[in-house]
Amino acid sequence: MSESLSTRFPRLVGLALSLLLVALATGCKPSATRVFEDGQRLVEAERFEEAIEKLNEARTAFEDDPVLWSLMGLALHRTGQLERAETAYHQATTLAERADLPLPDIHVKLAELYIDRGRPSLAIPLLEERLQVDPSAVDSLLLLGVAYRTQLSITTSDADRRELLRKGEDILADGANKA
């Protein structure tokens with residue numbers, strides 16, 4: 001004899017709940033790692049607004065990860081949220097130093113942000129330090145030339161302007177030769 005819907009319904013609901021629990025337990029719900037990886041892929045695809053959302057989701061599980069903060073800084077920087085980007089880059093730098101992880105790109109990204117914010121004098125020592133570690137880092141060399149040129153535009157002393165101009169031209173020429 002067939003069961004009526006009223007007797008089968010509670011068992012169907014129970015079965016559906018059981019399947020839902022199994023699905024959640026086996027990874028159908030995005031894990032923090034997967035969300036972090038999605039955020040990273042979105043940054044690489046230059047879909048920065050979406051990346052910020054994903055990285056914010058992953059942040060609670062990865063709040064001590066300098067890579068997450070570096071990615072967040074880049075996404076914020078590219079969306080024009082410069083103050084928040086600077087905070088994220090500083091967090092990445094602090095965490096990398098605390099963990100003794102070499103993440104030289106963070107300094108380059110932070111230097112680029114300083115230039116964008118009209119503070120090239122803060123970018124110059126970061127880039128010079130990066131070039132001491134890796135003299136063949138052409139991106140850092142070119143960015144240093146840009147930093148000197150930018151500093152030149154806000155410097156008022158003639159002697160300082162001549163010195164910055166000379167340094168900037170030398171660096172840009174070296175970078176062009178290496179590129």
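Gln151 lies in helix α8, where helices are DSSP runs of H or I of at least four residues and strands are runs of E of at least two, numbered from the N terminus. Gln151 is buried, at a relative accessible area of 16%; buried means under 20%, exposed over 50% and partly exposed in between, with a 1.4 Å probe and protein chains only. Apart from neighbours within four places in sequence, Gln151 is in contact with Pro120, Ser121, Ile124 and Leu164, contact meaning heavy atoms within 4.5 Å.

The model is predicted, so local features need pLDDT of at least 70 and side-chain atom pairs count only at pLDDT 80 or more, whereas totals for chains, interfaces and linings use all residues. Residues are numbered from 1 along each chain as its sequence is written, and side-chain values use heavy atoms, with hydrogens and water left out.

**Overall fold**

The protein has 9 helices and 0 strands, and its elements run α-α-α-α-α-α-α-α-α from the N terminus on. Of its 179 residues, 34% are buried. Among contacts with a separation of 6 or more, 48% join residues 24 or more positions apart.

**Helix pairs**

Axes are lines fitted to C-alpha atoms, for helices over the stretch in contact, and angles run from 0 to 180 degrees between N-to-C directions.

| Helix pair | Axes come within | Crossing angle |
|---|---|---|
| α2 and α3 | 8 Å | roughly 160° |
| α4 and α5 | 8 Å | roughly 160° |
| α5 and α6 | 10 Å | roughly 155° |

The axes of α2 (residues 32-44) and α3 (residues 48-59) cross at roughly 160°. That angle makes α2 roughly antiparallel to α3, given that angles under 35 degrees count as roughly parallel, over 145 as roughly antiparallel, 65 to 115 as roughly perpendicular and the rest as oblique. The crossing of α2 and α3 is left-handed, which is to say that the near helix is turned anticlockwise from the far one by less than a right angle. On the α2 side, the residues that meet α3 include Val35, Phe36, Leu42 and Val43; their partners in α3 include Phe48, Ala51, Leu55 and Ala58. By class, this contact of α2 with α3 has 9 nonpolar, 2 polar and 4 charged residues. Here Ala, Val, Leu, Ile, Met, Phe, Trp, Tyr, Cys and Pro count as nonpolar, Asp, Glu, Lys and Arg as charged, and the others, Gly among them, as polar.

Helices α4 and α5 are likewise roughly antiparallel to each other, and α4 passes α5 in a left-handed crossing. Among the residues that meet are Pro66, Trp69, Met72 and Leu76 in α4, and Leu82, Ala85, Tyr89 and Leu95 in α5. The contact of α4 with α5 divides into 12 nonpolar, 4 polar and 1 charged residues.

The pair α5 and α6 is roughly antiparallel, with a left-handed crossing. Its contact includes Glu86, Tyr89, His90 and Thr93 of α5 and Ile106, His107, Lys109 and Leu110 of α6. This contact of α5 with α6 has 9 nonpolar, 3 polar and 4 charged residues. Thr93, found in α5, is buried at a relative accessible area of 13%. Not counting residues up to four places away in sequence, Thr93 touches Ile106 and His107.

**Nonpolar core**

In soluble globular proteins, nonpolar side chains tend to be buried together. A nonpolar core is a set of buried Ala, Val, Leu, Ile, Met, Phe, Trp, Tyr and Cys residues joined through side-chain atoms within 4.5 Å. The largest such core holds 44 residues, of which Phe36, Val43, Leu55, Leu68, Ala123, Leu127 and Leu144 touch the most other members. At least two residues of this core come from each of α2, α3, α4 (66-78), α5 (82-98), α6 (104-116), α7 (120-133), α8 (138-154) and α9 (158-178). Residues up to four places away in sequence aside, Val43 touches Phe48, Ala51, Leu55, Leu71, Leu74 and Ala75.

**Individual sites**

Glu46 is placed in the loop between α2 and α3 and is exposed, at 59% relative accessibility. Most residues other than glycine have a negative phi. Glu46, although not a glycine, has a positive phi of about 60°.

Leu122 lies in α7 and is partly exposed, with a relative accessible area of 39%. The C-alpha atoms of Leu122 and Glu112, 10 residues apart along the chain, are separated by 9.9 Å.
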